[in-house]
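This briefing is intended to be read alongside the sequence and the structure. Please keep both in view while following the points below.

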Amino acid sequence: MSMDMHCHLDLYPDPFEVAKLCDERGIYVLSVTTTPKAWYGTKKLATGYKRIQTSLGLHPQLAHQRSHELELFDHLLPDAKYVGEIGLDGRKGYKEHWEVQLKVFRHILKQVNHSGGRIMTIHSRASASQVLDELEGVEGVPILHWFSGTKSELKRALSMGCWFSIGPAMIETKRGKELVSIIPKNRVLIETDGPFAKLKGLPLMPWDANQASQILSEIWKNSLIEVNEILICNLKALLAQNKSC
């Protein structure tokens, strides 16, 4: 069994075909949404496929345009086992909407906390410390997707029980490899962030998450079989945590 723990399945040109191929290949997919309104259509992609799970989100880059959908988020949350993509983005072009990003993120975390916690897949570009500040005391299991913070922020995240989902596009960089090398093996999951993330100019497909496994094999100095065994154990441990939420 393989996995893609952060994938925008609904944004591929032919999402139903991609979902079918994921099922045929036995891939466990966390299919994230960027707005609550996308929940219904995205959830349809998982119909009949046990390994495709839909995650309810409101992306920080869209917070200023879609904050009015928070009421819909609250309505849908009882039906969602996973939450994401959520978080903060402090980069140029998004920082100007920081206050509304914070308002949206805080609202979502408050609702998650009140409803007993969820597995959450979290965006933290140029905002890792602020994301961790907001996560303090919140019930649930945070997965920091495509983490790009500092080593001290990474250590803080580990101390808070965060997981990390890493993809081929993240660990093709020297900095990405450095960060991954200091994450304990039992906190690592793999992702693609497709179709946004690309390699060699082509959008990553869910099955391309396996390319990250190959690079992990080099970093960890484990065989590819051993890496895949570790990742499957990690996924099982994560899902067990979700049952306790």
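In this predicted model, a search of the whole structure finds one aromatic pair. The rings of phenylalanine 147 and phenylalanine 164 have centres 5.5 Å apart and planes at 85 degrees; planes over 60 degrees apart count as edge-to-face, so this pair is edge-to-face.

**The aromatic pair in its setting**

- A pair of aromatic rings is described by the distance of the centres and the angle of the planes.

**Overall form**

- The protein contains ten helices and ten strands.
- A compact globule of 245 residues would have a radius of gyration near 18 Å, and the 17 Å of the protein agrees with this.
- Along the principal axes, the C-alpha atoms fill a box of roughly 45 × 40 × 40 Å.
- Of the 245 residues, 53% are buried.
- When contacts between residues at least 6 apart in sequence are considered, 67% of them join residues at least 24 apart.

**Surface and charge**

- The accessible surface is about 11000 Å², and carbon and sulfur atoms account for 51% of that area.
- The protein has 30 positive and 27 negative charges, and the mean positions of the two groups are 2 Å apart.

**Two loops that meet: glycine 90 and serine 127**

- Glycine 90 is in the loop between strand 4 (82-89) and helix 5 (98-114), while serine 127 is in the loop between strand 5 (119-125) and helix 6 (128-135).
- How far apart are glycine 90 and serine 127 in sequence and in space? They are separated by 37 residues in sequence, but by 5.3 Å from C-alpha to C-alpha.
- Serine 127 has a relative accessibility of 1% and therefore counts as buried.
- Glycine 90 has a relative accessible area of 18%; the cut-off for a buried residue is under 20%, so glycine 90 is buried.
- Leaving aside residues up to four places away in sequence, serine 127 touches Leu88, Asp89, Gly90 and Trp98.
- Leucine 88 is 39 residues from serine 127 in sequence, and their C-alpha atoms are 6.2 Å apart.

**Backbone exceptions**

- Most residues other than glycine have a negative phi, and most peptide bonds are trans.
- A cis peptide bond, with omega about 15 degrees, joins glycine 84 and glutamate 85; glutamate 85 is located in strand 4.
- A cis bond also runs from glycine 194 to proline 195, with omega near 0 degrees, and proline 195 lies in the loop between strand 8 (188-190) and strand 9 (198-199).
- Aspartate 193 is found in the loop between strand 8 and strand 9, and has a positive phi of about 65 degrees although it is not a glycine.
- Is aspartate 193 buried or exposed? Its relative accessibility is 8%, so aspartate 193 counts as buried.

**Helix 9 and the residue after it**

- The buried residues of helix 9 (residues 210-220) are Ala212, Ser213, Ile215, Leu216, Ser217 and Trp220.
- Just after helix 9, lysine 221 has a positive phi of about 60 degrees.
- Lysine 221 is part of the loop between helix 9 and helix 10 (224-244); at 72% relative accessibility, lysine 221 counts as exposed.

Methods
Residues numbered from 1 in each chain as written. Predicted model: local features only at pLDDT ≥ 70, side-chain atom pairs only at ≥ 80, totals over all residues. Heavy atoms only, no water. Helix = DSSP H or I, 4+ residues; strand = E, 2+ residues; numbered from the N terminus. Rg over C-alpha atoms; globule rule 2.2 N^0.38 Å. Buried < 20%, exposed > 50% of the residue type's maximum accessible area, 1.4 Å probe, protein only. Contact = heavy atoms within 4.5 Å. Areas by Shrake-Rupley, 256 points an atom, 1.4 Å probe, with all protein chains shown as cover. Lys, Arg positive; Asp, Glu negative; His and termini not counted. Charge placed at Lys NZ, Arg CZ, Asp CG, Glu CD. Phe/Tyr/Trp six-rings, centres within 6.5 Å; stacked < 30°, edge-to-face > 60°.
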